[in-house]
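I opened my notebook to look through one chain from end to end.

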Amino acid sequence: MAGRNRSNNLVVQQANSAIQQLKYEAAQELGITIPADGYYGNMPSREAGSLGGYITKKLVQQAEASLAGTSAGQTGL
């Protein structure tokens, strides 16, 4: 992974570990195996898309909960 040119730079560099943790939790919930070497080229597009969509969904839920003043698990709906 080192030396890769990335176009999706994190605004808050300290958030990297939280993003990685969210990725592994989402993969576990979806039953997707994250490649140990970090290379996603052999992962089917359907799995990669599902993982990215699920992560986005969770981040939106957390942001909505934060704006509503509740914890991420309690949206009040």
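These entries follow what I looked up, step by step.

**Entry 1: the model.** I noted at the start that this is a predicted model.

**Entry 2: the overall build.** The chain has two helices and zero strands. I then checked burial across the chain. Of its 77 residues, 17% are buried. I also looked at contacts between residues separated by 6 or more. Of these contacts, 41% join residues 24 or more positions apart.

**Entry 3: the helix pair.** I recalled how such a pair is described. Two packed helices are described by the angle between their axes and the distance between the axes. Here the axes of α1 and α2 come within 9 Å. They cross at roughly 115°. The crossing of α1 past α2 is right-handed.

**Entry 4: where the helices meet.** Which residues of α1 meet α2? I found L22, K23, A26, A27, E29 and L30 on the α1 side. On the α2 side I listed S50, L51, Y54, I55, K58 and L59.

**Entry 5: the core.** I looked up the largest nonpolar core and found nine residues. They are L22, A26, A27, I32, I34, M43, L51, Y54 and I55. Both α1 (16–30) and α2 (45–68) supply at least two residues of this core. Beyond its neighbours within four places in sequence, A26 contacts L51, Y54 and I55.

**Entry 6: the rings.** How many aromatic pairs are there? I counted zero. I did find a charge over a ring. The charged end of K23 sits over the ring of Y24. It lies 5.8 Å from the ring centre.

**Entry 7: L10.** I went to the segment before α1 and found L10 there. Is L10 buried or partly exposed? L10 counts as partly exposed because its relative accessibility is 30%, and buried would need under 20%. Leaving out residues up to four places away in sequence, L10 touches A15, N16 and I19.

Key
Residues numbered from 1 in each chain as written. Predicted model: local features only at pLDDT ≥ 70, side-chain atom pairs only at ≥ 80, totals over all residues. Heavy atoms only, no water. Core = buried A, V, L, I, M, F, W, Y, C linked by side-chain atoms within 4.5 Å. Buried < 20%, exposed > 50% of the residue type's maximum accessible area, 1.4 Å probe, protein only. Helix = DSSP H or I, 4+ residues; strand = E, 2+ residues; numbered from the N terminus. Contact = heavy atoms within 4.5 Å. Phe/Tyr/Trp six-rings, centres within 6.5 Å; stacked < 30°, edge-to-face > 60°. Lys NZ or Arg CZ within 6 Å of the ring centre and 35° of its normal. Axes fitted to C-alpha atoms, helices over the stretch in contact; angles between N-to-C directions. Left-handed = near helix turned anticlockwise from the far one by under 90°.
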